[in-house]
Number of protein chains: 2
Amino acid sequence: MSGRVFVIGTGPGSPDQMTPEARSAVERSAEFFGYRPYLDRLSLRPDQKRNISDNREELHRAKAGLDRAAAGANVCIVSGGDPGVFAMAAAVCEAIDHGPQAWKDVDLVVVPGITAMLAVAARIGAPLGHDFCAISLSDNLKPWDIIENRLKLTAQAGLVIALYNPISKARPWQLAQAFDILRAILPAETPVIFGRAAGRKDERITVSRLRDAEASTADMATCVIIGSAETRIIHRLGRGDLVYTPRFIAAATR
Amino acid sequence: MSGRVFVIGTGPGSPDQMTPEARSAVERSAEFFGYRPYLDRLSLRPDQKRNISDNREELHRAKAGLDRAAAGANVCIVSGGDPGVFAMAAAVCEAIDHGPQAWKDVDLVVVPGITAMLAVAARIGAPLGHDFCAISLSDNLKPWDIIENRLKLTAQAGLVIALYNPISKARPWQLAQAFDILRAILPAETPVIFGRAAGRKDERITVSRLRDAEASTADMATCVIIGSAETRIIHRLGRGDLVYTPRFIAAATR
């Protein structure tokens, strides 16, 4: 009889932001598959087995987990944040789609989590308070000209833009180019939030304006949120700035 | 001395999807402000005071909560889902932005939650597995022609589209018109997910194709997710269909 595959999200890292549903999935699983920093967020029992794989080996990890579940094991595939946002749930579905019939028979349970942009937004106010999008800036996943086109159209549409995978050693120039593309469309004063490791000890959240946003402020653990023309900054004496996007757009402000 | 305002999200409704961080904020608050169905999700002590207001009175509710916090109370303003996505965090920021100095002095803590589109996506696979956007279909919030323009540009951009506030008694025709706009741009076979009350007892998740998507399938509690041209449906014998958007776009598939 087939086992079950849980695909869970740990949230951004703080144990307080991992749901009871995800915690329960962890307790009910015998074998764990994931990138080491995400598995390290879990407190596992001695009888629970860890299978660590590299961050880039998502499809391989999905197949390994499905194989074990098809053999009867209860398996937990672990993502940071939400497993459905640029993470393991899509890799597992891809593996099932193109894999053997036995993988379609596995009981698949995807457990949602707090994705990075929601955690970053909460720490700074409500920048995602109106229409927004989430775009991966990784041109390992799609050609750069598709990314450019998406940035242009979503900025023209007036959406707030959350950028995942903004920068890495292998992709050093893409974020600066994204800012240049957006500067040609959005006001120079548009707020830009660099949200690093939200809710973790090494959290660093900074607010800039699009005019002087520096790509080097971001690293691999950063989610970058670029406001719309409506997004506002509130200065507070003795407290950090708040950034929010109003709920309403009046006809006249178009 | 000012009190604190927590702005929390309960998640979609299942207690298992509410984070420990949100639960802790509830325990530490004396006065609660919110729409009745969201407050009903909390188990409050007899000493904790409920202030119920109508769903449409967001700014009034925000001001009432800030007033009590400025007077020294610890206050919890309650949203369903995530407070930063079409919910109370933006209303509270708006009130602070335009309100008295005392409201800027209040200690504001926004606590993220599982927003509807993530919960719906998890129940059906991984439809948000690549770039996506969240758009409110309410033309109480912005003129309809802005909504039309956003639908056209995001569909042209190839983003998966999650529609919040798709339909209500006062807004009966907008969702059908949105489908018509998208039919002119996206393939007829594009998957459409109607995700109602994800994770609750009255959950109902159905998958259709854009060609025959019926607006009447949705109600106020539904989040509608429209795939991109890449989004795929996996049929499984004896199990429900899965819907996912692959992580990669090859250059040739543009």
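**View 1. Pairing of β7 and β8 in chain B.** Ala134(B) stands opposite Ala162(B), a residue of β8(B). The two strands, β7 (residues 132-136) and β8 (residues 160-164) of chain B, pair in the parallel sense over 5 bridges; two strands count as paired if DSSP finds at least two bridges between them. Helix α7 (residues 144-157) of chain B packs on the sheet and touches β7 and β8 of chain B, its direction making about 170 degrees with that of β7(B). Contact means heavy atoms within 4.5 Å, and helices (H or I, at least four residues) and strands (E, at least two) are DSSP runs numbered from the N terminus. This is a predicted model, in which local features need pLDDT of at least 70 and side-chain atom pairs count only at pLDDT 80 or more, whereas totals for chains, interfaces and linings use all residues. Residues are numbered from 1 along each chain as its sequence is written, chains are lettered from A and ligands numbered from 1 in the order in which they are written, and side-chain values use heavy atoms, with hydrogens and water left out.

View 2. β7(A) and β7(B) pair in the antiparallel sense over 3 bridges. Phe132(A) has Ala134(B) as its bridge partner in β7(B).

View 3. An open sheet of 10 strands with mixed pairing runs in the order β10(A)-β9(A)-β11(A)-β8(A)-β7(A)-β7(B)-β8(B)-β11(B)-β9(B)-β10(B). At the edges stand β10 (204-209) of chain A and β10 (204-209) of chain B, each with a single partner strand, so one side of each is left without a neighbour in the sheet. On average, neighbouring strands of this sheet are turned by 15 degrees against each other, direction ignored; axes are lines fitted to C-alpha atoms, for helices over the stretch in contact, and angles run from 0 to 180 degrees between N-to-C directions.

**View 4. The interface between chains A and B.** The contact takes 77 residues from chain A and 76 residues from chain B. About 6,500 Å² is buried between the chains, of which carbon and sulfur atoms give 60%; buried area is the accessible area (1.4 Å probe) that two parts lose on being put together, summed over both. In chain A, Asp131(A), Arg150(A) and Arg247(A) lose the most area to chain B, together 11% of what that side buries.

**View 5. A salt bridge across the interface.** Arg150(B) forms a salt bridge with Asp131(A), with the closest N and O atoms 2.8 Å apart. The count between the two chains is 12 salt bridges, each a side-chain nitrogen of Lys or Arg within 4 Å of a carboxyl oxygen of Asp or Glu.
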